[in-house]
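Here is a colleague's note for a first look at this structure. Please keep the model open while reading the points below.

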Amino acid sequence: MEKKPSIMGRMFDRIAPTYDRLNTIFSFSLHKAWRKAAIQALEIRRDDLVLDIASGTGDMALMAMRRGGKVIGIDLSCPMLMHAMAKARKQGFGTEYAAVQGDALTMPFHNDTFKTAMMAFGIRNVQNMEIFLNEIHRVLTPRGRLSILEFSMPERLPFRWLYLVYLTHVMPCIGFLISGDYEAYRYLRDSVKGFPAPEIVEGIMKGRAFRIIQSTKLSGGICHLYLVEKQ
Ligand SMILES: C[S@@+](CC[C@H](N)C(=O)[O-])C[C@H]1O[C@@H](n2cnc3c(N)ncnc32)[C@H](O)[C@@H]1O
C-alpha cells in the first residue's frame, strides 16, 4: 500500500472506532509498558509543551498530561483525533490537549518551537523518513528531545519465527474480525516487516543531525524505543 497521506488518513479514519481495543488485544496490553518507557525517557516536567506526532487516539498524550505536560497532537486522521479529544476531556485534560489535523512531513509550527516531542507507532507510516526527520529537527529547539516507539522484528530464534506467524496469519484475521477491515491489518503486517532494523534507523537519524541518547529493544525486540536529541 502506498504511504500517501490521503491513503493513510483514510485507512486510519476507518479503523479509528476499534483502534484502542485492537491495540490492547494485539499487544496483550504490552503497549502500555512500551509507552510508559517512552514517556519516562522524555523526563516531562509540569507545564512542558510536548508535541505528539501521529497522536492517534491520544494514549501517549494522556500519559504526558498525567505528568503535567501540555500536549499538541498532530495526526492525519480526524476520527482518531476525535477519540483522543474525547478521552482527554473524560480524564479531565480538556484544556491541556490541542489537536491539529495535519501531515508530519509539513507541520504547521515555527522553527525551534518544541523542547520535547514524541511519536509512537507513526514513523513506519510516513512517506519518507528522512523528510520527516528534517521536519521534526526544524520544529525542535536546539538540544530538544524526541522519543520514537516503533515495532521491530525480533532477531532470536525461535521467537522470531513465532512472531512472524503471529504477525502474518493471526493479526490480520483478528483485525478483520474486530474491525471488518482486512486491508488495514495486512498493511500493518507488511509495514512492520518492511521497516528497517534499529541499526539502520539509528544511522538515518544520525545522518539528519540527531544524537542517539538511547536505543532500547523492548519485549524481546518486537518494539524499539529511540530517544534522540537535536544537534
Ligand atoms: C498506528 S497509529 C499510532 C497512534 C498513536 N501514536 C498511538 O500510539 O496509538 C498511527 C497514526 O499515525 C497517523 N499518521 C500516519 N501517517 C501520518 C502522517 N504522515 N502525518 C501525521 N499522522 C500520520 C495515523 O493517522 C494514525 O493515527
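1. **Cover over α4.** The buried residues of α4 are covered by elements that include α3, β1, β2, α5 (78-90), β3 (97-101) and β4. This is a predicted model. Helix α4 is mostly covered, with seven of its eight residues buried. They are Asp59, Met60, Ala61, Leu62, Met63, Ala64 and Met65. Just after α4 comes Gly68, with a positive phi of about 100°.

2. **The shell around the ligand.** How many residues surround the ligand? There are 23, and the closest are Phe12, Ala54, Gly56, Ala104 and Ala120. The largest share belongs to α1, with four residues. By class, the shell holds 13 nonpolar, seven polar and three charged residues.

3. **Strand β5 and its two partners.** Follow β5 (residues 140-151) next. With β4 (residues 114-120), β5 pairs in the parallel sense, over six bridges. With β7 (residues 223-230), β5 pairs in the antiparallel sense, over seven bridges. Met119 stands opposite Ile148. Tyr226 in β7 also stands opposite Ile148.

4. **Trp34 in the interior.** Trp34 belongs to helix α3. Is Trp34 buried or exposed? Trp34 has 21 other C-beta atoms within 10 Å, so it counts as buried; the cut-off is 20 or more. Trp34 touches Leu149, Leu218 and Cys223, leaving aside residues up to four places away in sequence. Take Leu218: Trp34 and Leu218 are 184 residues apart in sequence, yet their C-alpha atoms are 7.1 Å apart in space.

5. **Gly207 on the outside.** Gly207 sits in helix α9 (residues 198-207). Gly207 has 10 other C-beta atoms within 10 Å, so it is exposed; the cut-off here is 12 or fewer. Glu130 is 77 residues away from Gly207 along the chain, and their C-alpha atoms are separated by 8.8 Å.

6. **Backbone points to check.** Most residues other than glycine have a negative phi, and most peptide bonds are trans.
   - Asp47 is not a glycine, but its phi is positive, at about 70°. Asp47 lies in the loop between α3 (30-42) and β1 (49-53). Asp47 is exposed, because 9 other C-beta atoms lie within 10 Å.
   - Arg143, also a residue other than glycine, has a positive phi near 65°. The place of Arg143 is within strand β5. With 10 other C-beta atoms within 10 Å, Arg143 is exposed.
   - Leu157 and Pro158 are joined by a cis peptide bond, with omega about 5°. Pro158 lies in the loop between β5 and α7 (159-179).

7. **The chain as a whole.** What elements does the protein chain have? Nine helices and seven strands. The C-alpha trace spans about 45 × 40 × 30 Å along its principal axes. A compact globule of 231 residues would have a radius of gyration near 17 Å, and the protein chain has 17 Å, so the two agree. Buried residues make up 38% of the 231 residues.

Definitions and conventions. Residues are numbered from 1 along each chain as its sequence is written. This is a predicted model: local features need pLDDT of at least 70, side-chain atom pairs count only at pLDDT 80 or more; totals for chains, interfaces and linings use all residues. Two strands pair if DSSP finds at least two bridges between them. Helices (H or I, at least four residues) and strands (E, at least two) are DSSP runs, numbered from the N terminus. A residue is near a molecule or strand if its C-beta atom, placed from the backbone, lies within 6 Å of it. Ala, Val, Leu, Ile, Met, Phe, Trp, Tyr, Cys and Pro count as nonpolar, Asp, Glu, Lys and Arg as charged, and the others, Gly among them, as polar. The radius of gyration is taken over C-alpha atoms; the globule rule is 2.2 Å times the number of residues to the power 0.38. Two residues are in contact if their C-beta atoms, placed from the backbone, lie within 7 Å.
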